[in-house]
Amino acid sequence: MNERYDFKAIEEKWRRRWEESDLYSTRELPDLPKRYVLVMFPYPSGPAHIGHVANYNLGDVLARYLRRKGFNVLHPMGWDAFGLPAENAAIRSGVHPAKYTWDNIALLKEGLQRLGYSYDWGRELATCSPDYYRWTQWLFLRFLEKGLAYKAEGWANWCPSCRTVLANEQVIAGHCERCDTLVEQKALSQWFLRITAYAERLLEDMEELKGWPESVLTMQRNWIGRSEGCEVVFRIKDRDIEIPIFTTRPDTLWGVTFFLLAPEHPLVDELTRGTPYAEEVARFRERLRGVSNIERTAMDTEKDGVFTGAYAVNPVNGEEVPVWTANFVLMEYGTGAVMAVPAHDQRDFEFARKFGLPIRVVIQPPEGTLRAQEMTEAYVDPGVMVGCGDFDGMDSEEGKLHAVPDLLEERGWGKRTVNYRLRDWLISRQRYWGVPIPVVYCPECGLVPVPDEDLPVLLPEDVEFEFEGPSPLERSQEFRRTVCPRCEGEAERETDTMDTFVDSSWYYIRYASPHCEEAAFDHEAVRYWLPVDQYIGGIEHAIMHLLYSRFFTKVLKDLGLVDFSEPFTNLLCQGMVVMGGAKMSKSKGNIITPEQFIDTYGADTLRLFILFLGPPEADKEWSDSGIEGAHRFLNRAWRLVYRYLDVLTLKTQPVPRDSEALKRLSHLTHRTIRKVTEDIERFAFNTAIAAIMEFTNGLYREMEAAPDAFNTYEGHEALRALVLLLAPFAPFIAEELWEELGGEYSVHAQPWPEYDPQLARAERITLVLQVNGKVRERMEVDADVSPEAMEEIALASRRVREHTAGKEIAKVVVVPGKLVNVVVR
């Protein structure tokens, strides 16, 4: 064994050996319990960066640990490979998106392999491969058959210069990312997936997600936005037009003093066309160009709007109220129309005050009297109904939940209903680098799905990428022109491609059988591996990818394709690596690549350092200097084994079996095994590493005090335990040290070390209990007792209670590991 820790040679040696022996290959083993550990797959935009390391470390530690605990572990990797950056690169530099993507996949894969992650590379997949997107198209057709995919008009970000729809991420401060033109909202015929049909199940099934962070579930609940209320039908005066609205406050219907429409509502044009109000409405819409929906609906946004010249009739009292269009009303929520009750809704209140519209109080607080002219804000709490006809004097909650809904249903003016903030998923993208939507348009047959046997509909490679104009697919006559599968007449292909979130909504299932050619996945393999036991990724995906994946899984279950309804049993959302408190990003120019640190310190050092920075869920501050400490630790571990091997060559006297040195070694070893095991189980990887570091320091102390003790079973057990515990965190050095210790290949295939509960018991200390500084009792407790537990022990002590009885406890002073002083007066 070389005294110097030559990490470059060690890591190159074991990367080659692991690949040659196919160490991490996985197959179904029905006799073994399985664990599916999955980290969200990356978009291949370039080489690996520190954020990748921070994320993928977590999955790798867990996968390595679970394998050694006796589980059959699936831990795959692939590429979320379609997307906008590749197409933008083609426009900027002329590099075809396919080449850009596959080149970046090669770079990123090389970086991950250098880090020694235990992926089963035989299951690698890329969503841009026809072998994969053939089945994405096949799944789309199943959605279409079930009525869950449809085409309809929808509002989209439209660049008038580029003449194309932009995804939200392509709109920067209201302007087109490509040409800086002000973006408009435009109604276009686009494809949707009917996720709203599953809104209730997405909410109800959250009960199954016991292993998910409550923060993610809360975000999804809020995004789905379930509201119970009433649909009430208003009609337009002198026109045969009815407009339904949704309200959660039917008890306030008598307080409606005006009516609001979203600026994009088609009725706005119908009501103002040919009237003196049309021009002002057009100017108002122009003012809203480039203003995001988030800005429009923010509570602190100034309310704005114009009168349409029309009047709506309130069904409960027959009152005619003016119809306005307002900036804070969206087509995406409810019906795009709102009854305005300014006395009892803050946004309506602000709008009414600005434009001098009436405010009518119809809910009085239980105490006091509201006068509209004196109000400075809306009153939104429950109270007593007033000015509400037969309901005067009724508790508003009774009116809201029962009396008024009953009236609406009896008179045919409305009905009880449930509304959702969630909108159907718009998946159309007018871009090239995505999955082609597999339908054609025939003059005779209309919309016709592409037959399964003709899949995949391939992306043409010989296309031009231009700065302006429609997508390359729309310009490609070769792609557009086709034959109708039904009548064999001339037809045109759909030129929209799918949102990339469609690709990532089912990839975790494909990993179970990535090379299956007869189906999207092998049902037996899926039955064995799925659902994912532990999913790891960023919380920023809570309301997009994670929600869409849940939706997809439920549809697949309804189609009889899978037998589970939730894709991910447990979810861990990792924090970010930040620099100076700022997120690392290319736009900020603070991206750090692992290569420079791997070349200088080794992959094990980098892995260990990032894991040691803090708990997985917390953001971690990057420090170039901190990595040197991790490197010094690995060198210490290396030298410890080197010194131990030297001890074994010496002729030493037998060590008595009951020697204190051996007892200390055994206790130290088993306490560390217990600590590291418990910490890994709760994802406290940073404290597990700290325990291994403390263990190493303890072994150094013991070797200095009693070197002969290491030429024993206990000494050998201690060194083997050190290497076995280190292996999930620093796999290369652990493999090399294990070989030097004479261990059987591979360290990563060895059982996880077990601890003896008696030997793992914490050391005992004497805890002093005082009252007003006087010792009242001494107790033996575990050395690792927490300050909180120390306080509980003191207050529960009979002797302490005797001296504090009838007195007020002013404070409790805890000196960790030593004493508790209860101060009374």
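A residue counts as buried when its relative accessible area is under 20%. By that cut-off tyrosine 132 is buried, because its relative accessible area is 3%. The structure discussed here is a predicted model. It holds 46 aromatic pairs and 46 salt bridges, and its chain is divided into domain 1, domain 2, domain 3 and domain 4.

**Domains**

- Domain 1 is made of two stretches, 138-194 and 424-500, while domain 2 covers 227-419.
- Domain 3 comprises 596-608 and 616-760, and domain 4 covers 764-824.
- Between the C-alpha centres of domain 2 and domain 3 the distance is 68 Å.

**Aromatic rings**

- A pair of aromatic rings is described by two quantities, the distance of the centres and the angle of the planes.
- Among the 46 aromatic pairs is a stacked one formed by tyrosine 132 and tryptophan 506, with 4.6 Å from centre to centre and 20° between the planes.
- Tyrosine 132 belongs to helix H5 (residues 130-145), whereas tryptophan 506 is in the loop between helix H15 (500-503) and helix H16 (507-510); the pair therefore ties together parts that are 374 residues apart in sequence.
- Tryptophan 506 has a relative accessible area of 0% and is buried, and tyrosine 132 is buried at 3%.
- Tryptophan 324 and phenylalanine 355 make a tilted pair, in which the centres are 5.0 Å apart and the planes form an angle of 50°.
- This pair joins strand E12 (residues 320-326), where tryptophan 324 lies, to helix H11 (residues 346-355), where phenylalanine 355 lies, so it ties together parts that are 31 residues apart in sequence.
- Tryptophan 324 counts as buried at 11% relative accessibility, but phenylalanine 355 counts as partly exposed at 27%.
- Tryptophan 324 and phenylalanine 355 also belong to one aromatic cluster, whose other members are Phe258, Tyr277, Phe307, Tyr311, Phe328 and Phe351.

**Charges over rings**

- Arginine 142 is placed over the face of tryptophan 138, 4.7 Å from the ring centre.
- Phenylalanine 479 has the charged end of arginine 493 over its ring, at 5.9 Å from the centre.

**Salt bridges**

- In an α-helix there are 3.6 residues a turn, so residues three or four places apart point the same way.
- Glutamate 279 and arginine 283 are four residues apart in helix H9 (residues 278-288), a separation of about one helical turn, and their side chains meet in a salt bridge of 3.0 Å from N to O.
- Glutamate 279 is exposed at a relative accessible area of 55%, while arginine 283 is partly exposed at 45%.
- In helix H22 (residues 660-681), aspartate 679 and lysine 675 are likewise four residues apart, or about one helical turn; the N to O distance in their salt bridge is 3.3 Å.
- Aspartate 679 counts as buried at 2% relative accessibility, whereas lysine 675 is partly exposed at 34%.
- Arginine 825 and glutamate 808 form a salt bridge of 3.2 Å, N to O.
- That pair links distant parts of the chain, 17 residues apart: arginine 825 is in the segment after strand E32 (819-824), and glutamate 808 is in the loop between helix H27 (798-804) and strand E31 (809-815).
- Arginine 825 is exposed, with a relative accessible area of 65%, and glutamate 808 counts as partly exposed at 46%.

**Helix H25**

- Helix H25 (residues 731-740) is largely enclosed by the rest of the structure, because eight of its 10 residues are buried.
- The buried residues of H25 are Pro731, Phe732, Ile733, Ala734, Glu735, Glu736, Leu737 and Trp738.

**A four-stranded sheet**

- Four strands in the order E20-E19-E22-E21 form an open sheet with antiparallel pairing.
- Strand E20 (446-449) and strand E21 (481-483) are the edge strands, each of which pairs on one side only.
- From one strand to the next, the twist averages 40°.
- Strand E19 (residues 439-442) runs antiparallel to E20 and is joined to it by four bridges.
- Valine 440 stands opposite valine 448 of E20.

How values were computed. Residues are numbered from 1 along each chain as its sequence is written. This is a predicted model: local features need pLDDT of at least 70, side-chain atom pairs count only at pLDDT 80 or more; totals for chains, interfaces and linings use all residues. Side-chain values use heavy atoms; hydrogens and water are left out. Rings of Phe, Tyr and Trp (its six-membered ring) pair if their centres lie within 6.5 Å; planes under 30 degrees apart count as stacked, over 60 as edge-to-face and the rest as tilted. Helices (H or I, at least four residues) and strands (E, at least two) are DSSP runs, numbered from the N terminus. Buried means under 20% relative accessible area, exposed over 50%, partly exposed in between (1.4 Å probe, protein chains only). A charge sits over a ring if NZ of Lys or CZ of Arg is within 6 Å of the ring centre and within 35 degrees of the ring normal. Domain bounds come from an automatic or database domain assignment. A salt bridge is a side-chain nitrogen of Lys or Arg within 4 Å of a carboxyl oxygen of Asp or Glu. Two strands pair if DSSP finds at least two bridges between them. Axes are lines fitted to C-alpha atoms, for helices over the stretch in contact, and angles run from 0 to 180 degrees between N-to-C directions.
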